[in-house]
Structures are given as C-alpha cells and as structure tokens.
Amino acid sequence: MITLQWPFVLALLPLPFLVRLLLPRAPERQAGALRLPFFADLARAGLVAAGRPRFSRLRLATLAFIWTLLVIAAARPVYVGTPVAIPVEGREMMLAVDLSASMSSPDLVQSGVPANRLQVVKRVADDFIARRTGDRIGLILFSTRAYVQAPLTLDRNVVRQLLAEASIGMTGRNTSIGDAIGLAVKTLRDRPAKDRVLILLTDGANTSGVLDPMEAAAIAAKENVRIHTIGVGADSNFTDIQPGMLMNPSGDLDEEALKKIAGLTGGQYFRARNDKGLAAIYADIDRLEPVAGDPQYVRPTIALFYWPLGAALLLSFVLSALLLLHLPLRRRAGGGEPARLEGSA
C-alpha cells in the first residue's frame, strides 16, 4: 500500500495558479513591436497565427506537471509492506546439564523403552528450549569441568543442536556443580538483573571443581540469579539381578544441597523420576518463568519520493533542451528576434 507521510504538502499544488491570478502581470517588452490596425483582418484571413503558439501551451502543461511531481515528492510517498513479527526479548536463561558418568544409568523410561538419564534429559529439554520464544538461552555442560557450550543467544535451534550433540564424559566423569553455577553467574552478570535464570540439572553430588556449591549459590543470590535445580534419577526399587534386593539408583543424588541452592537464590527444587515427571517439571518452570508474550509487529516502509523527484528533474532537462533547440530555429527562420505583431481594436 502506498501512502503519504506528509499529505498536507498537497495543499501547495494550486500555488502557481494562485500566484498567476493574484499577482500583477509582468510588463511586456515594447521594443520591436509593430502595431497593425488591420491585425484582426489578417488573423481572420489566416495570414498570421492567432492566440498562443502550440509550443507555449505544451511548455505550460509540462511546467505544471513538473510542479505536481515536485509537490508529490515533498509529500513523502512511501510503500507500507505487510506486518512483520519481531520477537520480544524475555529472560536470560542458562541451562546447565550434567554429563558425568552416572548420567548413563538406564533407570528411566522414554516412550515405554528403557533409556539412560541423558537421553531423557535431551528429549525433554529440547521441547522446553523450543517453547522459550523470546528468551535468550545459553548452555553449560559440566562434569569434571564446566564449559559454556553455547553463550546466551536468541537462536534456540543452535542451542538445541549443541545439546543433542552432547555426550557423556566429554567434559570428564565427575560432577562440578559449584563450577557450573559460577560459570553461569559469570555469563549472566552483564544481562538485566531481573531476568537472570539458571536451570541446573544433575543426578549426583558435587565431587569435583574448585568452587563450593554453597559459595557459588551465595554469589548467584548476590547477582540476582535465580537457580531452579532438578535432581534426575529413578526411585528405589527391587532389582532383577538379585531377587529381594532393594536398589536405589539415585543414591548419589544430593537432594539437600540442591534444595539449599534453590532456596538461597529464590528458585525451586524439582525431582524427576521419569520422563513424564521431567516434562512436568519443565512445564512448571514455564509457569514460574513465563515467556515474553506475543511478538510485536512492525510494517516496513520503503521511501518512494525519489521517483517523482527524478521524473521532475528529467522533464526539466528535456524541457530545457527543447527550449535551447527551439530558439536557434526561430532565429534562423526570422533572422533574429522576430518582431511581435499587435493588433488594434
């Protein structure tokens, strides 16, 4: 759709005609004029041209058209395109995933099939990341060491791909929860304070790293980073290896530490015992940390003023060229400036 940004400029269109009507005419040159008492008779006989020459009418029409083009250009015509959605920025969210050796325990079920903890975490976390429209999301992988696998970004597909490529043991076989928290705080420090969130997912206790988890949580609280902790692993059950023997596959999970970390920073602790439970936890986090909402829409505009402006300039050049060509022809035909013939009443 084409519209005018300054439509009031169109009020200038009749300005040349008003000037012609309201201002007195310029005095005509009398030099070279020959007054003929019988001019009317010559005109009726077709011996002289009566009225304005055709070229003058064409020149007047061209000048009027040029003026119209200039006024339209001054009114700023623009093409308004279709609305384009702009994602609204939401929270600054880091996702820290444990890759220690214990994450290979096949004590969970995914779609009715036994799966290890990391496989379930990848699938559920992938859906969670895909839903976080407008959030800036980063990924930390940790075990013996902690690494920023993906810095905070709006490109959720990249984060999902990097999480899918993560494998157990790629950063060691132990668990450094404190280092993962410290690295997340460092990454979030330069972002807006009210939107800093860390989701820490682990199945064990802190067994590695240089930073104590409680000290790291205190630093996170000071930096306004909310930490939601998720403990992963099945409940105690009877094993088939030795009938009657009760096994606890999540015996290494330090739930107390995870609860304290969440409590210190204003977050919550969740316990995931299966894939459905983990999906429900991420749904709860969606409610605790809602996405930014509907995107805003803008309509792109393209300036078009240069088209009428260019046409006006081109017509001006053409008209000037015609005038320059017409003047020598008149001089050659008349031997100079022709004398004007004036009739008398």
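These notebook entries record what I looked up in a predicted model of one protein chain.

**Entry 1. Ground rules**

I worked with a predicted model, in which local features need pLDDT of at least 70, side-chain atom pairs count only at pLDDT 80 or more, and totals for chains, interfaces and linings use all residues. Residues are numbered from 1 along each chain as its sequence is written, and side-chain values use heavy atoms, with hydrogens and water left out.

**Entry 2. The chain as a whole**

I noted 10 helices and 17 strands in the protein chain; helices (H or I, at least four residues) and strands (E, at least two) are DSSP runs, numbered from the N terminus. The chain has 345 residues, of which 35% count as buried. Buried means under 20% relative accessible area, exposed over 50%, and partly exposed in between (1.4 Å probe, protein chains only). I then turned to contacts, defined as heavy atoms within 4.5 Å. Among contacts between residues at least 6 apart in sequence, 80% join residues at least 24 apart.

**Entry 3. Helix α4 against helix α9**

I looked up the packing of helix α4 (residues 117–131) on helix α9 (residues 275–288) and found an angle of about 25°, with the axes 10 Å apart. Axes are lines fitted to C-alpha atoms, for helices over the stretch in contact, and angles run from 0 to 180 degrees between N-to-C directions. The angle makes α4 roughly parallel to α9; angles under 35 degrees count as roughly parallel, over 145 as roughly antiparallel, 65 to 115 as roughly perpendicular and the rest as oblique. The crossing of α4 past α9 is right-handed. A crossing is right-handed if the near helix is turned clockwise from the far one by less than a right angle, and left-handed if anticlockwise.

On the α4 side I listed V120, V121, R123, V124, A125, F128 and R131, which meet D275, L278, A279, Y282, A283, I285 and D286 in α9. By class, the residues of this contact are 10 nonpolar, no polar and 4 charged. Here Ala, Val, Leu, Ile, Met, Phe, Trp, Tyr, Cys and Pro count as nonpolar, Asp, Glu, Lys and Arg as charged, and the others, Gly among them, as polar.

I also checked Q119, which lies in helix α4 and is partly exposed, with a relative accessible area of 42%.

**Entry 4. The nonpolar cores**

A nonpolar core is a set of buried Ala, Val, Leu, Ile, Met, Phe, Trp, Tyr and Cys residues joined through side-chain atoms within 4.5 Å. I found 34 residues in the largest one, where V97, L139, I199, I230, L278 and Y282 have the most contacts inside the core. Elements giving two or more residues to this core include β5 (92–98), β8 (136–142), β10 (196–202) and α9. Helix α4 gives the most, with 7 residues.

Leaving aside residues up to four places away in sequence, V97 touches L118, V121, L139, I140, L141, F142, L163 and L201. A second, separate core of 24 residues includes A96, A184, L253 and A262.

L95 is found in strand β5 and counts as buried at 3% relative accessibility. L95 and L141 are 46 residues apart in sequence, yet 8.4 Å apart from C-alpha to C-alpha.

**Entry 5. Helix α7 and its two partners**

I recorded about 20° between α7 and helix α8 (residues 255–265), with their axes 8 Å apart; α7 is therefore roughly parallel to α8. This crossing is right-handed. P213, M214, A217, A220 and A221 in α7 meet A257, K260, I261, L264 and T265 in α8, a contact of 8 nonpolar, 1 polar and 1 charged residues.

The axes of helix α6 (residues 177–188) and α7 come within 8 Å and cross at roughly 15°, which makes α6 roughly parallel to α7. The crossing of α6 past α7 is left-handed.

**Entry 6. Positive phi**

Most residues other than glycine have a negative phi. I noted R76, with a positive phi of about 60°, in the loop between α3 (54–74) and β3 (77–80). N224 also has a positive phi of about 60°, and its place is in the loop between α7 (213–222) and β11. R76 counts as partly exposed at 29% relative accessibility, as does N224 at 44%.
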